[in-house]
Amino acid sequence: MEDYAISVHGLSKRYSLGQKKRRHGAKGMLQGLSELFGRAPQDDHSTIWALKDVSFEVKKGERLGFVGKNGAGKSTLLKILSRVAYPTAGEARIHGRVTSLLEVGTGFLNHLTGRQNIYLNASFHGLSKKETEQRIPDIVEFSELERFIDTPIKFYSSGMRARLAFSVAAHLDPDILLLDEVLSVGDMAFAQKCLQRVDDLTKGERTILFVSHSMDSVRRFCTRCIWLDCGHVVMDGPADKVTDAFTSDSMTLRAHQKWVADDAPETIKSLLDIREENTVNGLPESPHARLISATVLAQDGRQTSTVCVTDEIRLEVVFEVFFEKANIVPYFRIITEQDVLAFNAVYTNLGSVLSDCSALRYRSVAIIPSHLLNTGRYFVTVGLCTPSSGKVIRHDESQRALSFYLHEAPYGSASALGPYKKVPGAIRPLLKWEDEILID
Amino acid sequence: MPSFHQNPYEVVIKPPTSSQFVDVKELIRFRGLLRSMSSRQVRAEFGDLHLGIFWVLARPLLMTVIFVFFRRVSNANIGASVPYAAYLYSGLILWFFFTESVSRAAASISTDGALMQKVYFPRLLSPLSSILAQLSGLAIASIPLFLIMGYYGLVPGWNLMLLPVVLLQTMLLAFGTGCLFAALATLSRDWERLLSLLLYIGLFVSPVIFAPDMLPKAAQSIHMLNPMSGALLGFRATLFSDYVLPANEWFYSLLFSGVLGLVGVYAFQRAERTFMDRI
């Protein structure tokens, strides 16, 4: 038997945008008839390719994530694989039974009770009444909806529907599970439980295809990831590599900034010579230094725009001091996506090579410890100043020069996330907790 | 369904082609679903209503009472060879079975559309199940028929053996018509109006309240072009022993049903493909 679960070759899907002019009267009805029995619409400006020539293979037991912007074709692809939409070209071969969860409430009918919907849903997947009966206790228990299972679905909240839908899908014993954004609904504890179940499922040779806008979920649960854009495969590879690339592309992250070209160091200095009469502390008026470049580095020293919360973040700045004994130190300002200052990183390494500057180039690296910042996007403002107890003299500053994205820790490793999906706040330190039992 | 569940199988997803017709094997594999979809509709029909059975019986019974009264007072010659009440009531229940089946099947894409976007199943199960569900109404409506037949001392002959055949033919006709109009309904709502007009007028031009013998010869042959004529007359012939089976008319009706069934299924599949893309 083949060792792949899904193989997709040149899969394409064209949607009609439906801008065709409709005629009135009997002519319009006849036009409709010719559309119904005649040829399919041809490629023109009123059509759009949601998928274009997509090919990939999924091995059995693989957990494949799909990332991409809205309209990149992720949901279309999952729809085709779950056979609710037809491809326009290409083919897909699927080995094994497929269960798909496309958005909330897959195939539930409002007037039926939870239990009746379980039967109905199971029969869509080819389970007999008897087979369903055997699974009902497990499904109901997993969904935690014992009290409501004989209540019509129309009284359910969207979270309850999602729970029931996931519980059914997870117990249908599929070989291949297609999940589209399903884990983004329901409460956090249940989402965690679902992920655990997905984890258990994949241990038994099950294949999972997973569409999510949450890079953290993809990173945690997928071994491999495909980045789709405008119906094309942009990148296909290990989940962390692809999500990194996608995040830095979609958030326009900037891990490196350079202000001065290497071969032109003299230009500003000559300009400064003019102002030499106006002196501060025996030196000309600021600036006394300028920024050359700034970079976000990972723990291992390579340039990166996405960092895991379990890793240190290294902010590097290269600058040039114009005068001897200038007393120049760098600073960073870390700003959250909501434009809130997370903290100011002031220079504290007194007594180092910087304490008595010469007119040279320097490189400083500030190390932000792991488990300090929360997940999400951060901006970095970098600057140079002369510290003093009075007025701080700024020599150069670049607002939001750098940006990076902090992503969640891999599933199972220590993080300050706890059982939650997201914790608010600019920082999220991993604290030590001490507990003891008190007896009166 | 063992074949489906125990063996891993391969599904090939390809662009639909016109040559690709009904996958009968797949329909058989999904027969459990057909059953549960039909029983779901039966439950919806009778479960939600406190007077479910009353509503099924009220229409044909009241119409029978009214038309029998009219015939009495007008002394009109209907041309039926069996007591009018039995003739009329049997016609009405088959006619209403047909029209309900057609209109439910024609609405199947719009009622099950939300489901079709979420989960795969052979789409033809949707109109098919709505027609099967209507059999329950027919079964209930035939109880008064037996009482009427008993009252007049009417007994079925050997032709009763053909009753399932006639019913199947009527269902095939309803299926074809339903599928065709389900497909057309995705294009424009005009077709829904046309269908309801046809079904309404059909009651009066089909041999439901009158018998063909009432009509002049020329009108009789035109009226036999209506595919429901053969079905209605065939239905009576299987119920009443002294009612002659109109073989030619019925075979014409069967042929018509077969052709319409193919056209309907073709149109339905075409419409369903384009319908899914419009979401």
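Me: What makes Cys225(A) buried or exposed?
Reply: The model is a predicted one. In it, Cys225(A) has a relative accessible area of 0%. Buried means under 20%, so Cys225(A) is buried.

Me: And what is the call for Cys222(A), buried or exposed?
Reply: Cys222(A) has a relative accessible area of 9%. That is also under 20%, so Cys222(A) is buried.

Me: Why is the pair Arg224(A) and Glu62(A) called a salt bridge?
Reply: Their closest N and O atoms are 3.3 Å apart. The cut-off is 4 Å, so the pair qualifies as a salt bridge. Arg224(A) lies in strand E8 of chain A, and Glu62(A) in the loop between strands E2 and E3, so the bridge ties together parts 162 residues apart in sequence. Both residues are buried.

Me: Which residues do shared partners join into one network?
Reply: Salt bridges that share partners link Glu62(A), Arg224(A) and Asp236(A).

Me: How do you know that Arg428(A) and Glu408(A) form a salt bridge?
Reply: The closest N and O atoms are 3.1 Å apart. With the limit at 4 Å, the pair counts as a salt bridge. Both residues sit in the segment after strand E20 of chain A, so the pair ties together parts 20 residues apart in sequence. Arg428(A) and Glu408(A) are both buried.

Me: What makes Arg104(B) partly exposed?
Reply: Its relative accessible area is 33%. Buried stops under 20% and exposed starts over 50%, so Arg104(B) falls in between. The side chain of Arg104(B) meets that of Glu100(B) in a salt bridge, 3.3 Å from N to O. Both lie in helix H5 of chain B, four residues apart, about one turn of the helix.

Me: How many salt bridges are there between chain B and chain A?
Reply: The count is two. One of them pairs Glu91(A) with Lys14(B), at 4.0 Å from N to O. The contact takes 41 residues from chain B and 48 from chain A. About 4,200 Å² is buried between the chains, 61% of it from carbon and sulfur atoms.

Terms used:
Residues are numbered from 1 along each chain as its sequence is written. Chains are lettered from A and ligands numbered from 1 in the order in which they are written. This is a predicted model: local features need pLDDT of at least 70, side-chain atom pairs count only at pLDDT 80 or more; totals for chains, interfaces and linings use all residues. Side-chain values use heavy atoms; hydrogens and water are left out. Buried means under 20% relative accessible area, exposed over 50%, partly exposed in between (1.4 Å probe, protein chains only). Contact means heavy atoms within 4.5 Å. Buried area is the accessible area (1.4 Å probe) that two parts lose on being put together, summed over both. Helices (H or I, at least four residues) and strands (E, at least two) are DSSP runs, numbered from the N terminus.
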